[in-house]
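Subject: Structure handover

Hello,

Please find the structure below, followed by notes on what was found in it.

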Amino acid sequence: MSAPGKKVFELFVSKIPWTLGTKEVKEYFGQFGHVKKCLLPFDKGTGFHKGFCWIGYTTEEGLHNALHKDPHVVEGTKVQVQQNMMPFTWRRMDKEAEES
Amino acid sequence: MLAQAGTRRKEGAMLNQYQASAVTTSRLNMAALLRSARALNLSASPLLQIKRTSNHRQTISRFYSRAVGGRGIGVCSRQIISGSFNVKSLSPCSSAWPCSGTRYYGTPAEQKVVARDEPSLGVRNKQAHQFDWALAKLDSSVRRTGRVTKSLLQRIFHDICRTGYPSGNQALLLLRSCGSLLPELPLAERTEFAHHIWGKLLELGAAYDVSHYNALLKVYLQNEFKFSPTEFLAKMEAANVQPNRVTYQRLIAAYCQVGDIEGASKVLGFMKSKDLPITEAVFNSLVTGHSRAGDMESAVNILSVMRGTGIDPGPDTYLALLVAYAEKGDMDKIKETLNQVENTDISLMDRDLMQVVFTLTMAGHQQHVPEVLEHLRHDGGFVPDAMNLCLSLITQGHESTAFMLLKTFPSVQADSQNSNGPDVGNFFLRHCVNTNKSPEELVGFCKGLMDSNLHAAPMQFTLYCALEAKKMALAIEVMKTMKEEGLPIRPHYFWPLLAQHNRDQNTAAMGVDIGSWPGLHWTSTEPPPFLKIGGPLFSFATACARTWRGRHSPVPERVPPPRLGPGVGVQGSAGELGLGLGQLRRNAASLDLWCPVDQGELVERWKGEGGGQERCLWPAGAWSPVFHAATHSAVPLCSPTGTLEVLKAMQELSTEPDIDTYCNYVLRTFPSVDSARTALADAGIAVDTIAFVSAEVRAEAAEGNLARLFAFLSSPSLPAIDIGVFRGSLIAGFKRSSDVENMVNLTELLYKDTRLSQTSTGTGENMAYFLYHLFDGMSETEVQAKEEVLREYLQQLHKKDICIPVNIYRGIRNILDSHHVPELIKDVLTLVYNKEVESISTISSGLESRVTLERKLEELKAQGSSGDSAGAALIFKRLISAVCAEENLPRALELKAEHEDKMSPSCYALLINLCCRHDNPEEALNLKRELARMDSEATLDVNKYMSLLRVLSKHNRLEGMERAGPRRAASFVSAIGRNRSWPDLCLSRPCPEAVDILKEMKEKDVVVKDTAVVLLFHTFSAVALRGDVAALRRLQDTTFTLGLAKPTSNLCSPMVTMYLEKGDFAGALEAVMECETQYHQLPRIHDVLCGIVKKGDTELLQKAMDFVSQQRGEMTVLYDLFFAFLQTGRYREARKIIETPGLRAKPGRLQWYAERCIGSNQMEALETMVDLTAKLFECDRDEMYHYLLRLCKDTNDWSKAEAVWTKMQEENVIPRERTLRLLADIFKTNNQEVPFEVPEMWYEQHEAKEHHEAVNGERAAFRASSLKEASPSRYQLRVMALCKKRKVQEAYNVLKEAERLGMALVPACYDALIKALLSSGSMEDAMAVKDIAANHITGFRLSDMAHNLQIITQVKQERPQDALASLKTMLQMDQVPSQLALTRLVQGLGSHGDIKGIQEVASLIKSLSPSLNMSSMLFVNNMALAHIKNGDLERALEDLESLYTQTSDHSQQSIAFVFRKVVEAHNDEAFDKLRTMAERLCHQFASYRPATDLFLQCLDTGRVEEARQLLQRCAAVAEQKTALVSYMAKASQSPGQIAKIKNLLELIPDFAEKELVYAYMMKCHAMDKNLEEAKALYRRMQAEGLQMNELSLKRLAQLYKKAGEPVPFEEPPGDFQVLCRQTKGLHVAKS
């Protein structure tokens, strides 16, 4: 049970090029539905992100819209999109980055 | 070619060529020559730079006198002699030799002086794994890319150093990688690295053999390192390593590389004299040599010389020639040579042409490069090879030529649908960045890449590399260009630049920027000395280590650390030091770093150096400033100017930093938020942006500074900031704070202030979610610890009329529930608007217990078996199965006739199978039909169908329609009766009955798998053997079309085999083609092709090739042909095939052929394959040589194996450890010396050594030569190893030797030996060792285990008093005696009649006894025995009797031990009295235990009569079922006990349920491996109508299997343990 009353519909996106930041990723995936959460973890030691992120939609529809589109090409690079299979990642990840 | 015949022949030819030199040098020793040269002491002028006065043409004519024509022999020899003693050419090249040369080449004695401890088993094991890992890693890198990155190599080097004790193989692997495999490194750096590795590994104890020296030579050659060959040889000689062919070859190459033909000639002459074969490689070197000496004519002439000696110039020869022309820039000659090559059957690979390109460029003839590039074919390995060339060129400063090459790279066309844009040239850009090319140049390359459509985003990639390498200036320049191009510049692009300024929080907290500390620019690849220090500064040291790690050891800058002088040291005591070190060690481990010093050692050194004073452990001068800085951390070493610079650059590029930029990278470089604000403002950076303010809020929140935060947030000037931006930090702040007032204030602010809620959800919901997240973000302990604060907080919220929706409440409730703080729930509940009461439905458990169900099941079973007919049928089935097991067909058929009514489908199945086995298809079919009549649905299992099929096919029940007519009609009828359509059931077809079987199998869904497939194959083969094409085709087709079995190559092969047997290759090919078209299988294509090749039928071959190529592609054909040519000995053709451009290694296919060769002992074919695949793209060379060695092993041909090893060196192949082991094995079995260090388990190694030494006598082990290695650690290891191997006496001898040498070993070692000696009963020796240990180690004491063993040994030696003394010592030392030791001691005392002793022990361990779990009966029984021993029988009886009369529960009190001892001592008097007592206890006191014990004792000792009498007198014994059953259970645990159980059963037939008794009996039979008895038992049970449990059935089945008999019943599935547990569970449930 991750959130009361509201289910989170999550994507796991990988192979994200380094040029994209949280804002860009969120913007791109916003076209499929309202993005509630966008967690693109950065390695604070190197300053680069790790190439994957989680996108949480408020509705199942958003999730499905995103999953139905293939391929996802963001700024000329194909990113890999799949449904998030690791529901507990939210709690483990750095809380700070998710809020944006 | 390894084929010795070939080389011999060539060699023969060579002999003539080199007569001249042979005369003079045949008896000369090369090294002696060198020595004499050095003796002249004229070493000043470096060998390789001498000015040569002799005429090259003359020199060559000396050597190739016959081929070139010229001088007479006599003259030549004289010249050679003078040449040999040409002091100039032989003088050691001191200037070219690495200055510390001597360090790198240790003599064997030196090599063996290992400074550090011997490796433990774990270390060795780990290392073996690691080596495999490292090798795989490097190997895959080399195979994929043809290079190794510096960082990978360094990492592996560090890993090996860290583990210590490098193996020879690891050394070889590392050394080999230091040459051309490192194109990213300048040549000099590569050699330097190689030398570093060489020295370091030698220090760590690596043993170098000839392969290492050869590898080093190769590295020298590849790096064009100038060295003195003579000195090299001298070093080898000093190290007692014999040079081999490869060494000489490479020395020749070294001479040739500098154009020293004379030097080369001398080595050549020497090789000749040693009768070493002169291979193509030597000639190739000579081509280079002559050309470098400026004599192109001679260089060209070498080719004809080669031909003259019977060696055809190969691709490498032409390459040498091409390179020679390239050096001159002679493009015409290059073209001419290329044309010339084209006319031979040699093909030059792209890699070769790239060599030419490289040479042209390096020689300054870049203008010709495009012309050579045109000749590139772009085949298989083009890209990796071209990448390496590019990298090399960039490294050497020729990036524009490299770019020219890069532009010829194939562009992967971007498929907009599926892939990313093209990105050719990443490697190029990265390397340009790493080698500090100018921004302008890089931008130029980027534009060029984009223009030629090779790369979609080169700028971004370049920027990435610049950021990664922290090259700020370059990054900014690239970003400027990007901005001009209209590309976005995002805030996070600057993060990597910012990150370097706050790399480590520890250091940031201390205010020290480690990254900026000059001392951290380590010049070597060793970890920094910080890791070698301990002390309270571990975090600092760790931070340093992390910095170092993060930098992958930086570019050597050779900045010496500044010296502030001594006096500044680490503060702390030894204790702190230890603590710090432990932590440091852990930190270092997590960073994958090396931390070598053991804590004890460190403390020792601490004491030793400082005597308890505060002192640094490492030379204080060098690193003390850092400690100083760390301990006086108030003054930061670095101001955050770096950060400000980045921010300014951002401003310049008009990229506004976002909140994350400030929070994660900017603010933390400043001591406080305020100071950051000031500094930024001072630097002219805007601070009133939303991003900065949000960052401030976040930072304050995270600090837990709630009052300040509230003030800040409630200020009306605050811009709108969404809670989402700082929610996480706020939660963290709440968790840290207990400032309830401000918590409430802030929450209220969230609830009301719309500025904090920018998203669509309202403020109320926002706050509610915050509350939820607050609880969610706390762990159980956190919530529990803060419970009061939280309660107060919630109550305050309620007072402020703050409400939350019910769903949020539910969420929080669940969290609190799971955190076990339900008390808080009601406080949360008060916040809910609408207080719904939630009813929690308790689900009543409607499940019945498992036990009840099981009981029901049992009852049902019992009722079923009581029914007469069912039971009878069961027995009948068992009977049939028994008869079948006996293979008695007539009897089985008789039985069937007698009991037709009892025939069940399973009976039929058994009988059908029996008929098949007895080759009786007629009867089998009869039975089958009857079965079908009885039950049309009945299905046989797959194996029975298979036997039926086989017997039918075998008996040609194929054409026999007429005979089978009526029955077939019946079958028809039954088929129609079953309403099944059999459409293709027609007469006069082959194999009708067999085919019907197949169809029936399909209908009944019988799955054909595993063994059944094999049976099917045999069936097909049998038909093929008869040559019945139609039948075979029919059977195959039916099987495959029905989908019963997959048409595998194997199943399809019988058809091909049939034609091959007849020698009809056309037919065979047709059959293969048919299989391919129908089933996509190419069965036996290899054999077919071999046949065709052998026959020379080119037309047919063409047909086969066309077909396979069309079906399977060209690659398959090429391999097929390659193998066919190899197999038929047409090696020339095979070579042409394998050299096809673009062909890649197919490991699976190569393995297939290799295994075939090994299996059929085809050395020549295998050898040729290995040889021909040398240049095959991606070919695993070690694997190939391993195949060869396996065959050598099979044929036990050690000389061939040795040739293989030399060949591997020549080819620069690193053997895997298993390969070396195999090689060593071959040498050893042939009593040959193994010329390299064998990677073995340390254990075996030492054992072997010890064995050897044992032969030579004890003392011989430590002869003068090995004295040097006689370090305590070596002795320790020996002793421990021998102890483990139970070679106790040898271990003792080793220890004595160590003692003689006055060595002190570690306590553990003495302890191990003492234990081993005690275990073998050598008390005296053990005590002697103890004394030795005590001499060396003050306060040495035996370990618990040793003490226990000592007690046991003393008891065994009948010295219970000594044992008692030992026990006392133990207890004094707070050691805990073992149960066994105590038991033995008390027993020992008892048998000696030592009553006092027993009492003493009892009182001694009284305090310990609960933890020891000793039985009280131990003392009672042994006291009694002691009394008996002392003749005080009365006292014994009195004690025992009182035991039973005075206590109530006697069930656990067994005096069986007393009975046993008395019986064993043949003390009849005592026995009688005891018996009387037992009987009395039984009759008068109803204490049955003694009588039962006695009864069982009688039984156990075979006194059955006495037992019987006892039973008559004490009938109650028969009622002691628990004791009896446990006796039976115990007896059944060891073999040979069945008689006892039988006796028991005879005396008391009903002491337990029959099933149980039989189960134990079965266990006994299983123990005794007595199948006959077990069978009888089984029959008996069947006769008695008893069900045997699964466990027993399993046991029986195992017995059958062990005896090699078929199991006549279905073996219960599952393993023993599961069955045991099940059976146990069943008993429990029953009772």
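**Notes on the structure**

Asn1196(B) sits in the loop between α66 (1181–1195) and α67 (1198–1210) of chain B; helices (H or I, at least four residues) and strands (E, at least two) are DSSP runs, numbered from the N terminus. The phi of Asn1196(B) is near 55 degrees, a positive value in a residue other than glycine. With a relative accessible area of 39%, Asn1196(B) is partly exposed; buried means under 20% relative accessible area, exposed over 50%, and partly exposed in between (1.4 Å probe, protein chains only).

**How to read the model**

This is a predicted model, in which local features need pLDDT of at least 70 and side-chain atom pairs count only at pLDDT 80 or more, while totals for chains, interfaces and linings use all residues. Residues are numbered from 1 along each chain as its sequence is written, chains are lettered from A and ligands numbered from 1 in the order in which they are written, and side-chain values use heavy atoms, with hydrogens and water left out.

**Chain A**

The secondary structure of chain A consists of four helices and five strands. Read from the N terminus, its elements run β-α-β-β-α-β-β-α-α. Chain A has 100 residues, and 53% of them count as buried. Among its contacts with a separation of 6 or more, 66% come from residues 24 or more positions apart; contact means heavy atoms within 4.5 Å. Chain A exposes about 4900 Å², and carbon and sulfur atoms supply 53% of that (Shrake-Rupley method with a 1.4 Å probe; for residues, only the protein chains shown count as cover).

The average pLDDT of chain A is 79, and 77% of the residues score at least 70; pLDDT is the predictor's confidence in each residue, from 0 to 100. Within chain A, confidence is highest in helix α1 (residues 22–30), at a mean of 92, and lowest in helix α4 (residues 95–98), at 40. Two stretches of chain A need care. Over residues 1–6 of chain A, pLDDT stays under 50, and the model has 16 contacts beyond four places in sequence for them. Over residues 88–100 of chain A, pLDDT also stays under 50, with 38 such contacts. Where pLDDT is low, the predicted coordinates should not be read in detail.

The peptide bond from Asp70(A) to Pro71(A) is cis, with omega near 0 degrees. Pro71(A) belongs to the loop between α2 (60–68) and β4 (72–74) of chain A.

**Cysteines**

How many disulfides are there over all chains? The count is zero, a disulfide being a pair of cysteine sulfur atoms within 2.5 Å. For Cys53(A), the closest cysteine sulfur is that of Cys38(A), 4.6 Å away, so the two are too far apart for a bond. Cys53(A) counts as buried because its relative accessibility is 0%. In chain B, Cys1498(B) is buried, with a relative accessible area of 3%.

**Chain B**

Chain B has 91 helices and zero strands. Of its 1631 residues, 52% count as buried. Among contacts in chain B between residues at least 6 apart in sequence, those joining residues at least 24 apart make up 71%. The accessible surface of chain B is about 72500 Å², with 52% belonging to carbon and sulfur atoms.

Helix α83 (residues 1468–1485) of chain B has 18 residues and should span 26 Å at 1.5 Å a residue; its end C-alpha atoms are 24 Å apart, which agrees (the expected span is 1.5 Å times one less than the number of residues). Among the buried residues of α83(B) are Phe1471(B), Leu1474(B) and Met1477(B). Their cover includes α80 (1416–1429) and α84 (1489–1500) of chain B. Just after α83(B), Ala1486(B) takes a positive phi of about 55 degrees.

Glu1000(B) lies in helix α55 (residues 992–1003) of chain B and counts as buried, at 10% relative accessibility. The side chain of Glu1000(B) makes a polar contact of 2.8 Å with the side chain of Tyr945(B) (a pair of N or O atoms within 3.5 Å; within protein, one must be able to donate a hydrogen and the other to accept it, and residues adjacent in sequence count only if both atoms are side-chain atoms).

Asp1005(B), in the loop between α55 and α56 (1011–1025) of chain B, has a positive phi near 55 degrees. Asp1005(B) is exposed, with a relative accessible area of 62%.

Regards
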